[in-house]
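Welcome! Please take a moment with the protein shown here, and then read on for a short tour of its inner spaces and its sulfur link.

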Amino acid sequence: MTHYKPIYDIILLFCMLFIINSCNQNTKKLITINEKKIDAIQNKQSFPSKMKITTEKVVKEEINISKIKSIQKPITNDVVFEFRNERLLHGRGIKKKKVFKKNDQALTAVFKMFKQNLSLKKNELDISNDGEVFEEIDYNKNKNNKDQKNILVLLPFTGPYSNFGIKIRKALDLSILNFGSNNVRVIYFDTGKEDEVYNFNDLLEKTSPQIVIGPFTRSSLLKVKPFIKEKSIPMFTFSNDIALVENNVWSLGFSPEEQVDSVISCALLYGHKRFGLIAPNNLYGKIVIDRSVGLIKTKNDNYFEKLLLSNSQLNNKSKLYSILRKFLNYNDESSLHSKFDSIFIGGSKEFILEIAPMLAYYDVDSKKIQILGTDKFNIDEIKNEPSLEKSWFPKIINRNQKDFQLIWQNTWNEDDNYFSNAAFDAGLISINYLKQEKALQVYLNDLKSVVTGFEFEKNGFVKKPISIVQVEKFGKLIKVEKCSN
């Protein structure tokens, strides 16, 4: 026993030292790690180097206003600027991605082209961004600037149309961060909860906007338009209801009336005289049918018949077949359809894909009878539908869409669409308008927007570069000659 005592003493001493050391541990290391994390969060956020933008210029914020029947809460001046895609606004320690020289040169060329075409009047241009990349965004800069000019953006960031609102916001952010002035502030307001009544007069009083972009839906436009009109604030709305367009209110949406005018006019130009018009029995269907009839009746020898289908008729297949058979004057003894030389189909994707195959069943050959439609045809399911091959529909052909797609893909890594193109232009126009002293109607005179090529008239009408396209095999589209604009 005595022989092993030194060994036991050594083991006991080691255990005591281990216990004492454990008891004396503090959290210094953990605190240090947390401090580093906090520092990283508090650092100014930065953009990847591949976005050639000036970012120290823009102040953005989101606000909320009280509902009419609730207690008024003051709006703070805190900036809550956020992208829906947060990956572009992480900390400064972000690892820069490799950018291919060819792609980088192409982006630089596109931005230079956009700068040169922001206005047809060169002396009005005031673009100070020369392609530098700024790594920081100062959210508090110019917040209390007396010369500050505000753009109020009304978009649905929640609700059924939020995907459109988010897409439009990305386009506005892209235009303003690239070409923004140092005294421009963008204020976003969510109109997604359309069942709630907001005090828009209170909103306008607190934000004092020089220009309004939005809203997206007709219902939101009906709510806010009286207050905008009373204060004579210019507005670019994305609603496609041209009935709400007037002096100082421009619609960037592609209205059903514009679509019908272009495609029916093209058919008339090509000598079509006998029209069958099929649409759902709702407000949209009545609009497109009435517009079509108005154009067809411009010549006395033209003929038309219209068919408005209710939901009950669409859901009863046997009844629907019977209605279409009678409408088409189908004869079992003849395989050649002779009643109409053109058939217009207006409605949703589901409506079109329901009706078109039935027409083919009753010997309406789309290669012989001209099928006409709206921009609803511009989706893969319809363009690849065999019964709609050779059909015509209107499409806006943007003047610089490919160049814009390069920037959009490089920034967001997703596809652009009609509203992202129009929103980017709305941002550019708003910025340049706020940089000069002319009234917006005067500034817009003889101006074509950069990406879309829109032209703005004083009565609120927006002329768009519309072309009629024909659906070919595998969904390929070709322009119909003599039917542009």
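What follows looks at cavities and then at a disulfide.

Keep in mind that this is a predicted model.

**Empty space inside**

Rolling a probe the size of a water molecule over the atoms shows where empty space is left. Searching the whole structure in this way turns up four cavities of 30 Å³ or more. The largest cavity has a volume of about 60 Å³. Ten residues line the largest cavity, and the closest to its centre are Thr191, Tyr198, Phe200, Ser220 and Lys223. Strand 3 (184-190) and helix 6 (218-230) each contribute at least two residues to that lining.

**A link between two cysteines**

A disulfide is a covalent bond between the sulfur atoms of two cysteines. How many does the structure hold? There is one disulfide, formed by Cys266 and Cys483, with their sulfur atoms 2.0 Å apart. Here is where each partner sits:

| Cysteine | Element | Residues of the element |
|---|---|---|
| Cys266 | helix 7 | residues 256-269 |
| Cys483 | strand 15 | residues 477-484 |

Because Cys266 lies in the helix and Cys483 in the strand, the pair ties together parts that are 217 residues apart in sequence. The torsion about the S-S bond of Cys266 and Cys483 is about 90°, so this disulfide is right-handed. Are the two cysteines buried or exposed? Both Cys266 and Cys483 are buried.

Terms used:
Residues numbered from 1 in each chain as written. Predicted model: local features only at pLDDT ≥ 70, side-chain atom pairs only at ≥ 80, totals over all residues. Heavy atoms only, no water. 1 Å grid on protein atoms, 1.4 Å probe; cavity = no way out; pocket = protein on both sides within 12 Å on 5 of 7 lines; lining within 4 Å. Points joined across faces, edges and corners; volume = space filled by probe spheres on them. Helix = DSSP H or I, 4+ residues; strand = E, 2+ residues; numbered from the N terminus. Disulfide = S-S within 2.5 Å. Buried < 20%, exposed > 50% of the residue type's maximum accessible area, 1.4 Å probe, protein only.
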